[in-house]
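Take a look at the model below. Then read on for a short tour of its helices and rings.

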Amino acid sequence: TQSTWADILIAAAEKRTLDWPSAAVQDRIHFIFNNVSNANLMEKSAELTSLITNDIFPFVAQYMVVKRACHEANFHAVYVALIDSLGLPPLNHAIVSASYENIQILLNSQKI
């Protein structure tokens, strides 16, 4: 089930060594993703652009894949539009890499 997948991915993510942004930046990133919609996409894009730097792209990618894409299929189009609006190919690459890494984790899991 979806919750089992998420549990597996969250447990695996906790074992990874990522450059974690400060708690305040993490909270802002979470807030932006919690509140983004088609109506405020450009505003949230500008907010996100002001927060993220290359060193936290892996964190943002992991958050997108494990916490957002895995749980909120109805918002995939909005998330894709948000990421595309940023115009950051290295972030896109990090998201694709995180997707493949997490698929591999699920495929290798004995729990599913």
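## About the model

This is a predicted model; local features need pLDDT of at least 70, side-chain atom pairs count only at pLDDT 80 or more, and totals for chains, interfaces and linings use all residues. Residues are numbered from 1 along each chain as its sequence is written, and side-chain values use heavy atoms, without hydrogens and water.

Helices here are DSSP runs (H or I, at least four residues), numbered from the N terminus.

## How α2 meets α4

Two packed helices are described by the angle between their axes and the distance between the axes. Helix α2 spans residues 23-35, and helix α4 spans residues 57-69. They pack at an angle of about 45°, with axes 12 Å apart. Axes are lines fitted to C-alpha atoms, for helices over the stretch in contact, and angles run from 0 to 180 degrees between N-to-C directions. The pair α2 and α4 is therefore oblique. Angles under 35 degrees count as roughly parallel, over 145 as roughly antiparallel, 65 to 115 as roughly perpendicular, and the rest as oblique.

Which residues make the contact (heavy atoms within 4.5 Å)? From α2 come Q26, I29, H30, F33 and N34. From α4 come F59, V60, Y63, M64 and R68. By class, the contact of α2 with α4 has 6 nonpolar, 3 polar and 1 charged residues. Ala, Val, Leu, Ile, Met, Phe, Trp, Tyr, Cys and Pro count as nonpolar, Asp, Glu, Lys and Arg as charged, and the others, Gly among them, as polar.

## How α5 meets α6

Helix α5 covers residues 76-86, and helix α6 covers residues 89-108. Their axes come within 8 Å and cross at roughly 145°. I83, D84 and L86 of α5 touch L91, N92 and I95 of α6. The contact of α5 with α6 divides into 4 nonpolar, 1 polar and 1 charged residues.

## Aromatic rings

A pair of aromatic rings is described by the distance of the centres and the angle of the planes. The whole structure holds 5 aromatic pairs. Rings of Phe, Tyr and Trp (its six-membered ring) pair if their centres lie within 6.5 Å; planes under 30 degrees apart count as stacked, over 60 as edge-to-face and the rest as tilted.

Take F33 and Y63. Their ring centres are 5.6 Å apart and their planes stand at 65°, so the pair is edge-to-face. F33 sits in helix α2 and Y63 in helix α4, 30 residues apart. Both F33 and Y63 are buried, meaning under 20% relative accessible area, with exposed over 50% and partly exposed in between (1.4 Å probe, protein chains only).

F33 also pairs with Y79. Here the centres are 5.8 Å apart and the planes are at 65°, so this pair is edge-to-face. Y79 lies in helix α5, 46 residues from F33. Y79 is buried. Ring pairs link W20, F33, F59, Y63, F75 and Y79 into a cluster.

## A covered helix

Is α4 mostly covered or mostly exposed? Helix α4 is mostly covered, with 10 of its 13 residues buried. Among the buried residues are F57, A61, Q62 and V66.

## Two single residues

D19 lies in the loop between α1 (2-15) and α2. Its C-alpha atom is 5.8 Å from that of I56, 37 residues apart along the chain. Leaving aside neighbours within four places in sequence, D19 is in contact with D55, I56 and F59.

V80 is found in helix α5. At 48% relative accessibility, V80 counts as partly exposed. The C-alpha atoms of V80 and A69 are separated by 9.9 Å.

Terms used. Helix = DSSP H or I, 4+ residues; strand = E, 2+ residues; numbered from the N terminus. Contact = heavy atoms within 4.5 Å.
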